[in-house]
Amino acid sequence: MTNYLKRANELAIANIEEGGQPFGAVLVKEGVVIGEGVNEMHIAYDVSGHAEMIAIRRAQQRLQTDDLRGARMYASGEPCPMCYAAMAFVGIEDVVYSASVEEAAASGLMRSQEIYEDLKKIRTERVLIQSYQQKIGGLSPLQVWKNK
Ligand SMILES: [Zn+2]
């Protein structure tokens with residue numbers, strides 16, 4: 001367990017040396033590393049280039065599955081809300097990290113903390129303006145889905 005977390009930290013430190021942010025992740029299932037990643041946002045304009053997202057993507061491609069239940073994520077930093085949601089969507093229920101979002105914020109990387117705080121608010125008070133417009137005419141995709 002500690003070795004996987006240590007590996008995630010080593011990946012994160014190597015990524016700093018490559019010009020990236022200090023985040024690495026190792027995804028393990030049944031004692032096997034099924035995906036690794038580092039924050040690649042310095043390489044490509046891709047908001048999903050977080051270490052955990054990349055580790056998940058690689059594991060899914062490797063195992064050809066949408067179901068990663070039973071896998072444990074080892075991350076150098078506490079997952080951001082996007083990565084948290086991705087883990088939830090794919091069934092990962094266990095994450096171990098070595099630095100909290102509060103510690104990241106104290107190091108100048110505060111977006112995760114800000115977004116977690118925003119998500120605690122009710123919809124109408126969040127930063128993202130969300131407009132619910134139910135009656136726009138045409139078919140409802142959800143109704144089509146339900147009738148399928
Ligand atoms: Zn993330």
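Biologist: Where does His42 lie?
Modeller: This is a predicted model, in which local features need pLDDT of at least 70 and side-chain atom pairs count only at pLDDT 80 or more, while totals for chains, interfaces and linings use all residues. Residues are numbered from 1 along each chain as its sequence is written. Helices (H or I, at least four residues) and strands (E, at least two) are DSSP runs numbered from the N terminus. In those terms, His42 sits in the loop between β2 and α2.

Biologist: Is His42 buried, exposed or partly exposed?
Modeller: A residue is buried if 20 or more other C-beta atoms, placed from the backbone, lie within 10 Å of its own, exposed if 12 or fewer, and partly exposed in between. His42 has 13 other C-beta atoms within 10 Å, so His42 is partly exposed.

Biologist: Which residues does His42 touch, not counting residues up to four places away in sequence?
Modeller: Two residues are in contact if their C-beta atoms, placed from the backbone, lie within 7 Å. With residues up to four places away in sequence left out, His42 touches Gly19 and Gly20.

Biologist: Which elements are among those that cover the buried residues of α2?
Modeller: The buried residues of α2 are Ala51, Glu52, Met53, Ile54, Ala55, Ile56 and Ala59. What covers them includes β1 (24–29), β2 (32–38), β3 (71–75) and α3 (81–90).

Biologist: How do α2 and α3 lie relative to each other: roughly parallel or roughly antiparallel?
Modeller: Axes are lines fitted to C-alpha atoms, for helices over the stretch in contact, and angles run from 0 to 180 degrees between N-to-C directions. α2 and α3 pack at an angle of about 25°, their axes being 9 Å apart. Angles under 35 degrees count as roughly parallel, over 145 as roughly antiparallel, 65 to 115 as roughly perpendicular and the rest as oblique. The two helices, α2 and α3, are therefore roughly parallel.

Biologist: What about Glu30: what value is its phi near?
Modeller: Glu30 belongs to the loop between β1 and β2. Glu30 counts as exposed because 8 C-beta neighbours fall inside 10 Å. Glu30 is a residue other than glycine with a positive phi, near 50°.

Biologist: How far apart in space are Lys120 and Val32, C-alpha to C-alpha?
Modeller: Lys120 is placed in the loop between α5 (111–119) and α6 (141–146). In sequence, Lys120 and Val32 are 88 residues apart; C-alpha to C-alpha, the distance is 35 Å.

Biologist: To finish, what share of the 148 residues in the protein chain is buried?
Modeller: The protein chain has six helices and four strands, in the order α-β-β-α-β-α-β-α-α-α from the N terminus on. Its C-alpha atoms fill a box of roughly 55 × 35 × 25 Å along the principal axes. Of the 148 residues, the buried share is 31%.
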